[in-house]
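This report describes the structure shown below, going from whole chains to single residues.

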Amino acid sequence: MKKQIISAGIVAALVVYFSMTLVVFPQEFASKTPIEPQPIHSISLTDEQIKLGQSFHIAIQIENQNDVSDILITSVAFPKLEQIKDNVEIISYDYTQSPRYIKAEDKLMSEYTLGGLVLAQYPSIEAYSRNVPPDTSYQMELKVTPNDPGSFEVYIKTIAIPHTTDLSHYPYDGMLDSQGEYVSVYTVQVNP
Amino acid sequence: MRIFSEGTNQKLFFFSNLVISFGILLVTVGGGWDITNHLLNKPEAFFSLPHALLYIGVAIALFATILMFTRWHRLPEDQKSSYKFPVMLGIIGIFVLVLSGPLDFMWHSSFGLDGLLSPPHQALLSGLFLCTVGSMISILRYGRSHKGKNYSLHHFMVVLAILPVWLVCTGFLYSYSLPFSQTEYFDFNPEIYFAAIFATISLPFLSSTILVLGSKLANYKFGILSITGILLLIINAANSIVPNPALIDTIPFYALTVIPLVVADTILAQSQRKAAIYAAGCILGSTFFFLYFPLITHIYNEVIFDRVVSGSVTSNVYFEFMPVVFPIIVGPAIFMGLIGTIFADKVLGKVHRKN
């Protein structure tokens, strides 16, 4: 009799266990609204026109809104440059992680992590912070010295991970870059 | 000159092995915490709290190994030969372990952040494995005469002897299955299908082997298997769940894993027939998918979704792929749990050999 009671108890415990872990908890977690970090950025450039050999500064301020972001990335790309180490200097920076220098041909995520890896078409700097609570701001200032005369473009975008909605990146629309992601385009005229 | 009596010397030898196990336990806890710290915060410096805990553990194990070796030298000849093999394992292990510290630092200095699967980490894990297996054998051989019906301290020492072995082996298996080994200089990430198959085979095998072995070593006394499993759940929760605020909600789900542990423990305490032992192994094998949450998410995500699994979406991804993954892996997991019980028998024989 004792053995039968124990056996019944074992079966009941396993039924409860697998029902809870395979049915009840997954349903409960599936019904939860996913978090939605919403980054925005504001950019200012010191000059709209410069002479060749002169530099201009870019001031970037980003803020995470709404929900916590596991990773907040700001990308500043320079489609007119072949490499950036001699042309771009980080003047100030308060993101939590060290910036990454991306070279052309480096592998990058695309379409806000959904599009797989693509090769970078031009160099960029990725600034990023981890575990960013809502209403937290970071800033970065860059000094840029273009190589050639003409129109010098800078592409800037900010992306929050997890990227759960169309508000998890900034800007929300505009031009798509080589990663299939929207960028704010800034132009400085470099005169000979 | 004889400072301690024979009995005291023997107790000190036993005690030093317990301290080695404790030291290794600290190392594995520090290592697990370090993985989570890398996932959530990506520290860029070598010096961090998890690394500090890890190297405190190494220091404890080192001093305890020196004590163990000096006491072993003064054991009577018959006992000395009985403990020779585990003592040698411990000496080689601590040598490898201590060397892996500077190697790790040099690697960080040369190549920056290293991944989970890297030469210094493999050296560290190898040293830990040898040390912890050495101390486990010594502790178990010391306590093998305690086979009475009542519970004794030696039954509970089984837990301290095998828990670090479990954690170290898990570290080894994780390093060949988790996709955490791609760095700026090297990509040691395992191939994704290999990783998923490897985890499905090895993790249930390991948990079943360790837990059934623990129960056998404690003469199938109820509680030893459960305590060992619950301690692993607590360590894993403290290392991988609690530091991530987004996973706090999953603690009740994770705590449910106590149920199959207690069930398997009850089965083994009630009957030691082969069928009962196999049944316990199958149950333990089938629960590995829950036992190794949340890190296991990263292994199967690579095959099923290939999403970026950042801290706050870990549980979403895990519960989303559960209905797809669990039906596929449960069969192999049950089978490997059964195989684990057979392997536990072989290990038991080795542990109780004279030398």
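The sections below cover the fold of chain B, its domains, selected helices, and then chain A.

## Overall build of chain B

The model is predicted. Chain B holds 13 helices and zero strands, so its radius of gyration of 20 Å can be set against the globule rule, which also gives 20 Å for 355 residues; chain B is as compact as a globular protein of that length. Along the principal axes, the C-alpha trace of chain B spans about 65 × 55 × 30 Å.

Of the 355 residues in chain B, 58% count as buried. Among contacts in chain B between residues at least 6 apart in sequence, 77% join residues at least 24 apart.

## Surface and charge of chain B

The accessible surface of chain B amounts to about 14400 Å². Carbon and sulfur atoms account for 70% of that surface.

Chain B has 20 positive and 16 negative charges.

## Domains of chain B

To the contact, domain 1 of chain B gives 40 residues and domain 2 of chain B gives 38 residues.

Helix α1 of chain B covers residues 6-41 and includes B:N37. With a relative accessibility of 15%, B:N37 counts as buried, because the cut-off is under 20%. Leaving aside residues up to four places away in sequence, B:N37 touches B:K42, B:P43, B:S48 and B:P50.

Helix α12 of chain B spans residues 296-304, and B:I296, B:T297, B:H298, B:I299, B:Y300 and B:N301 are buried there. What covers the buried residues of α12(B)? The cover includes α1, α6 (192-217), α11 (288-291) and α13 (314-351) of chain B. Just after α12(B), B:D306 takes a positive phi of about 55°.

## Domains of chain A

Chain A is divided into domain 1, residues 1-32, and domain 2, residues 38-191. The centres of domain 1 of chain A and domain 2 of chain A, taken over C-alpha atoms, are 51 Å apart.

## Cis peptide bonds in chain A

A cis peptide bond joins A:I161 to A:P162, with omega about 10°. A:P162 sits in the loop between β11 (150-161) and β12 (169-170) of chain A.

Another cis peptide bond links A:Y170 and A:P171, where omega is about 5°. The loop that holds A:P171 runs between β12 and β13 (175-176) of chain A.

## Positive phi values in chain A

A:E105 is a residue other than glycine with a positive phi, near 85°. Its place is the loop between β6 (100-102) and β7 (107-109) of chain A. Is A:E105 buried or exposed? A:E105 has a relative accessible area of 59% and is therefore exposed, the cut-off being over 50%.

A:Y112, also a residue other than glycine, has a positive phi near 55°. A:Y112 lies in the loop between β7 and β8 (117-119) of chain A. At 9% relative accessibility, A:Y112 counts as buried.

Conventions:
Residues are numbered from 1 along each chain as its sequence is written. Chains are lettered from A and ligands numbered from 1 in the order in which they are written. This is a predicted model: local features need pLDDT of at least 70, side-chain atom pairs count only at pLDDT 80 or more; totals for chains, interfaces and linings use all residues. Side-chain values use heavy atoms; hydrogens and water are left out. Helices (H or I, at least four residues) and strands (E, at least two) are DSSP runs, numbered from the N terminus. The radius of gyration is taken over C-alpha atoms; the globule rule is 2.2 Å times the number of residues to the power 0.38. Buried means under 20% relative accessible area, exposed over 50%, partly exposed in between (1.4 Å probe, protein chains only). Contact means heavy atoms within 4.5 Å. Accessible areas come from the Shrake-Rupley method with a 1.4 Å probe; for residues, only the protein chains shown count as cover. Lys and Arg count as positive and Asp and Glu as negative; His and the chain ends are not counted. The place of a charge is taken as NZ of Lys, CZ of Arg, CG of Asp or CD of Glu. Domain bounds come from an automatic or database domain assignment.
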